Amino acid sequence: MKHGIHFFDHSVLTTAIQDFTAVIKEDPSNAQARLYRGRAYAKQQQYRNAIQDLAAAVHLDPSCWLAFYYRGCILRQIDPKRAVQDFSVSVLINDTQENFCSFLHRGIVYSEQCQWSLAICDFESVLALDRSVIFAYLNIGLILLLHLNQYYEAIQQFTSAIEIDPLNVRAYVCRAQAYHKIHNLPNAVKDISRAIHLYPNKSHLCMLRGQYLMELEKYELASLCIHQLAEMDEESFMSQPVQQALIQSFCQNHSKAIECLREATASHPEPAMFVILGKIQMKAKKTKDAVRSFKKAMKLLMTSAKILPHTFEAAEMYYLTGLCYMEQKSLLRAHDAFSMAIRLHSSYPDAFYQRGLCRMQLRQAKCIRDFNRALALCPSHFQAYMSRAAYYGSKGRYSKAILNCNEAIKILPDSVQAYFYRGTLKYQNKTFRAAIEDLSKTIDLNKTCILAYYNRAVCYHQIKNFRKALKDYGILLLLELSKEIAFKVLINRGLLYMELGDYVNACEDFKEATLLSPDDSQIFHAIGICYYRLCEFKEAVRSFDQVLKLDPVSVDAYVGRGNSYMENGHEAGFKQAQKDFLRAIHLNPNCIKARICLGYSLQALGKLQRAWSQFTIAICIDPKCQAAYDGRASVCLQMGETFAAFQDTNAALKLTTTAPLLTNRGVINELMGYLPCAMKDYQQAISVDPNYALAYFNAANIYFHNHQFSQAYCYYSKVLQLDPRNESAVMNRAITNTLLNNIEEAKKDFEKAICLCPFSAAAYFNRANFYSGLKQYELAEKDISTALSIQPNDALMYKCRADIRGKLGFNKEAVEDYKQAINIQEQIDSM
């Protein structure tokens with residue numbers, strides 16, 4: 001017996017079996033010999049003989065726990081129920097640390113039978129007997145992770161295994177998967193990285209790490225993992241050509257991927273292989289090759305009757321072929337391919353969707369049916385909703401398009417595309433504030449979405465929120481823009497600045513736009529208008545010259561240049577302006593703007609009849625041209641035809657009621673002596689535009705004329721609130737304050753009037769009268785002398801100074817002033 005045990009321990013099993021057989025022949029009731037021979041037979045995989053010997057050992061010695069254990073191990077695969085019984089008897093006989101393997105194996109059998117709680121109990125019994133059994137921790141952890149969804153408890157089990165054996169790769173991998181389940185991706189990446197550190201050449205570990213990094217949105221590191229996979233020479237990995245090709249394709253090594261799959265299809269020409277090859281060829285933009293691959297797959301899939309089966313696999317081949325034709329812009333062939341895919345598999349939502357896109361590009365109204373069918377089959381088809389929104393948007397049915405965007409957003413709540421398109425639809429629907437909300441959401445999701453900033457700026461412009469519009473345009477110009485968009489941004493911002501009256505910044509934007517489009521005459525025209533508004537008339541003329549170089553028949557450019565010449569204020573400028581207005585009229589005889597400008601230029605030169613004729617022609621061309629009536633009224637007034645001016649102003653007011661027109665009529669009424677009517681016009685002008693200073697000024701003058709000085713004072717003050725540099729209003733208020741005995745205010749107003757207009761003889765003359773009234777004759781004499789130095793041939797001023805000098809006791813000087821006054825008056829009378 002000892003001889004046999006020695007050979008058994010040294011794995012010389014044949015000799016050991018012979019020895020145990022000899023013992024059994026001599027002593028058939030020797031249970032120990034049966035046990036050892038059974039174990040030896042089991043090692044030699046003679047399981048039938050092993051079971052017979054182990055059964056005999058149990059029969060001879062019912063307390064032999066080892067016999068039950070070993071028989072259970074043999075029966076575990078072929079008869080799990082009997083195996084569980086044997087393990088149970090074994091642990092019943094011996095439940096000490098010596099027999100923990102029975103608990104372990106019974107736990108494994110329970111796991112295979114999906115009796116998770118019993119399995120966990122056995123593995124826990126193993127750990128109660130021996131805390132160093134890592135296999136038990138791993139099995140408990142895997143049951144908790146994969147079957148009971150108790151991820152945190154699973155992590156504790158794997159952590160215990162790692163504490164016992166820090167080099168156990170499986171424990172790290174399992175714990176990484178558990179961390180992934182609870183979305184603790186950083187720890188999952190750490191564990192899988194430790195596993196890779198221990199086994200750097202295992203491809204599946206690299207794949208797992210790449211997956212976790214992708215989910216962490218660390219795309220560069222994830223890409224690095226895939227590149228490492230592509231460079232691996234692991235035998236198991238290289239033996240899988242499909243996996244190898246997919247990884248090479250991810251790394252953009254399409255030629256290697258295609259070569260790998262071509263070799264595979266040459267040795268194993270299967271339809272699925274050709275489909276994968278076609279997909280990679282599509283990624284490589286080799287759509288013609290891809291179509292050939294799909295056709296080969298179809299031939300292999302055909303039945304003996306040369307008919308494709310009605311399966312999804314066959315339909316997908318036609319679907320992919322259709323995508324290739326779409327890429328090649330062969331819309332009709334693509335349409336036929338998608339139709340065939342639908343015929344083979346009638347519940348294929350993507351095929352309906354793509355056929356709908358095809359029909360939409362072919363301008364077929366039936367496209368909407370395909371989108372509807374795609375959504376009926378797959379209610380969560382985001383792109384189908386978006387395409388249906390695009391179709392309705394193209395037909396001007398914006399509300400219906402917006403509803404489809406709403407459905408798309410329910411599917412993908414953070415879709416930049418859906419929010420952006422819904423925002424543009426709301427803009428088209430003229431609901432600008434709602435559009436701004438969607439475009440703002442788009443920007444929140446994608447801070448560099450150029451078109452969202454651009455469209456939001458346009459919306460802000462529409463609702464007159466100029467500050468925010470300027471901010472968005474400014475952000476856009478900081479981003480990397482295409483030449484086309486940068487040009488549009490500069491033009492839009494320039495127009496916005498013009499609307500705000502900021503012609504300096506508008507001009508700068510338009511100048512920058514000319515660098516992007518140097519042959520666009522309209523930009524130079526806008527620059528000319530800016531210079532005109534800035535009173536830089538020479539620069540304006542140069543800009544309009546540039547417009548006319550680019551577009552010699554631009555009527556607006558001739559009109560703009562003519563107006564700029566007129567503002568130069570000299571006769572040569574007026575004549576040059578007339579030439580430009582005449583050229584504009586020659587190019588377009590019905591150009592009212594040119595005729596009105598010509599009329600004003602003729603009026604400025606004193607050619608009133610010709611000016612009147614031009615305004616009249618403009619009225620004949622457009623009887624509703626208010627500016628023409630207004631211009632003719634001013635000419636009539638200058639010609640002394642007050643009533644005709646009154647009629648023209650009334651005609652203009654019938655067309656449009658503005659404060660300037662009402663004020664003009666008030667002036668005419670005043671000239672005709674109808675002061676109440678004039679006052680009524682001025683008051684109406686104020687009600688139409690409370691910020692029109694001239695109406696207040698003229699009304700104040702009437703109050704002053706009627707000795708209503710308090711009212712005059714209030715109106716002059718209002719004028720100065722609106723136009724603080726109006727020297728006439730300051731002077732008139734100074735006189736009004738004098739009459740109201742507001743001495744200090746009058747003094748301040750006179751000072752201000754002289755500061756505003758230091759060469760005005762009237763200002764000094766009126767202040768001299770003011771000082772004279774206060775009996776401050778020395779100051780009065782100084783002011784009247786200053787007035788005479790500015791305007792030396794005024795008889796009234798000499799008489800006034802003579803009076804003041806008389807009161808100062810300068811009789812001789814006073815007499816000389818009286819004589820001078822008489823001489824000047826005699827000269828005037830004799831003329």
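Modeller: Let's start with Glu 484 and Lys 488, which sit 4 residues apart in helix H30 (residues 483–500), so about one helical turn separates them. Helices here are DSSP runs of H or I with at least four residues, while strands are runs of E with at least two, and both are numbered from the N terminus. Glu 484 and Lys 488 form a salt bridge, with their closest N and O atoms 3.8 Å apart. That term means a side-chain nitrogen of Lys or Arg within 4 Å of a carboxyl oxygen of Asp or Glu. Glu 484 is exposed at 56% relative accessibility, and Lys 488 is partly exposed at 40%. (Buried is under 20% relative accessible area, exposed is over 50%, and partly exposed is in between, using a 1.4 Å probe and protein chains only.)

A quick word on the source: this is a predicted model, where local features need pLDDT of at least 70 and side-chain atom pairs count only at pLDDT 80 or more, while totals for chains, interfaces and linings use all residues. Residues are numbered from 1 along each chain as its sequence is written, and side-chain values use heavy atoms, leaving out hydrogens and water.

Now, the structure holds 26 salt bridges. Another one joins Asp 545 and Arg 561, at 2.6 Å from N to O. This pair links distant parts of the chain, 16 residues apart: Asp 545 is in helix H33 (residues 537–550) and Arg 561 is in helix H34 (residues 555–566). Asp 545 is partly exposed at 25%, whereas Arg 561 is buried at 11%. Asp 545 and Arg 561 also belong to a network of salt bridges with Asp 580 and Arg 583.

Then there's Arg 665 with Asp 681, a salt bridge of 2.8 Å from N to O.

(Rings of Phe, Tyr and Trp, taking its six-membered ring, pair if their centres lie within 6.5 Å; planes under 30 degrees apart are stacked, over 60 edge-to-face, and the rest tilted.) Tyr 696 lies in helix H42 (residues 693–705) and Tyr 715 in helix H43 (residues 709–722), so the pair ties together parts 19 residues apart in sequence.
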